[in-house]
Amino acid sequence: MAAIKLGMPMAALSWLMFNWLYGAGQLPRDAGHKAIRDRLAELKKHHKTNKSRSGNYLYKQWLFFGGGFYGLAVLWTLLVLETGELISFIANFDLPGLFANGIVALIVNFIVSQVGNIVQAFMWFGYWPDGRGGEQIVVWVLVAYAGYLFGIHLARETESLHSLSELVRRVSRRRQLRGKDED
């Protein structure tokens, strides 16, 4: 279960983030783990001083949460928490119930919920094992880290996709080549 809920998503997100870094020239493909850590620290420092509104939202959130393995685990956990709450809100939508205690209470409840989700995301290693024993936490952390490293390796070894339009262009090109091969 750990591999499905945390390992594979960490691998996918890790691949995505490092694919962007390699594709943008922010990180050399031959960089080792220490060089990656050092470069992420530089990027995080730059992110703190440069509060640009433009750019990739996921990438900026990842850096906001610390970058690296821990930041990615926090980001994934927060995405899961927020998506779950959004689905629950839509499924149980009750307009009169939203405003039953007034608009101020609605806003306060929303803010408290957001802060709670962020705190829970920062404690991701306790969220995922579903309250099982301490040895389970170690397994979940190891699976998450293995997924993170696997994603970095995949991003390093494959061609970079720096944008969605580039992905569409490559898929179209492969389809055209297959069509020519069949002729």
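Reader: Okay, I'm new to this one. How many helices and how many strands does the protein have?

Author: The secondary structure comes to nine helices and zero strands. Keep in mind that this is a predicted model.

Reader: And what pattern do I get if I read along the sequence?

Author: You get α-α-α-α-α-α-α-α-α.

Reader: Got it. What share of the residues is buried?

Author: Buried residues make up 29% of the 183 residues in the protein.

Reader: Let's go inside. How many residues are in the largest nonpolar core, and which have the most contacts there?

Author: That core has 33 residues, and Phe18 and Trp62 are the ones with the most contacts inside it. The elements giving two or more residues to this core are H1, H2, H3, H4 and helix H8, which spans 134-157.

Reader: Which of those gives the most?

Author: H1 does, with nine residues.

Reader: Back to Phe18 then. What is it in contact with, if I skip its neighbours within four places in sequence?

Author: Phe18 is in contact with Leu27, Ile36, Leu40, Trp62, Tyr148, Ile152 and Ala155. So Trp62, the other residue named for the core, is on that list too.

Reader: Trp62 again! Which residues of helix H3 are buried?

Author: Helix H3 covers residues 57-64, and its buried residues are Tyr59, Lys60, Gln61, Trp62 and Leu63.

Reader: And what do those pack against?

Author: They pack against three helices: H1 (2-23), H2 (33-49) and H4 (68-91).

Reader: Which element gives the largest share?

Author: H6, with five residues of the lining.

Reader: Which residues line that pocket?

Author: The lining consists of Glu82, Glu85, Leu86, Phe89, Leu98, Leu106, Asn109, Phe110, Ser113 and Gln114. By class, five of these are nonpolar, three are polar and two are charged.

Reader: Buried or exposed?

Author: Asn117 counts as buried, because its relative accessibility is 5% and the cut-off for buried is under 20%.

Reader: What does Asn117 touch?

Author: Not counting residues up to four places away in sequence, Asn117 touches Leu78, Leu81, Glu82 and Glu85.

Reader: Last one: where does Ala41 lie, and why does it count as partly exposed?

Author: Ala41 lies in helix H2. It counts as partly exposed because its relative accessibility is 46%, which falls between the 20% and 50% limits.

Reader: How far is Ala41 from Gly68?

Author: In sequence they are 27 residues apart, and in space Ala41 and Gly68 are 8.7 Å apart, C-alpha to C-alpha.

Key:
Residues are numbered from 1 along each chain as its sequence is written. This is a predicted model: local features need pLDDT of at least 70, side-chain atom pairs count only at pLDDT 80 or more; totals for chains, interfaces and linings use all residues. Side-chain values use heavy atoms; hydrogens and water are left out. Buried means under 20% relative accessible area, exposed over 50%, partly exposed in between (1.4 Å probe, protein chains only). Helices (H or I, at least four residues) and strands (E, at least two) are DSSP runs, numbered from the N terminus. Contact means heavy atoms within 4.5 Å. On a 1 Å grid over the protein atoms alone, a cavity is a set of points where a 1.4 Å probe fits but cannot get out, and a pocket is an open set with protein on both sides within 12 Å along at least five of seven lines; lining residues have an atom within 4 Å of a point. Ala, Val, Leu, Ile, Met, Phe, Trp, Tyr, Cys and Pro count as nonpolar, Asp, Glu, Lys and Arg as charged, and the others, Gly among them, as polar. A nonpolar core is a set of buried Ala, Val, Leu, Ile, Met, Phe, Trp, Tyr and Cys residues joined through side-chain atoms within 4.5 Å.
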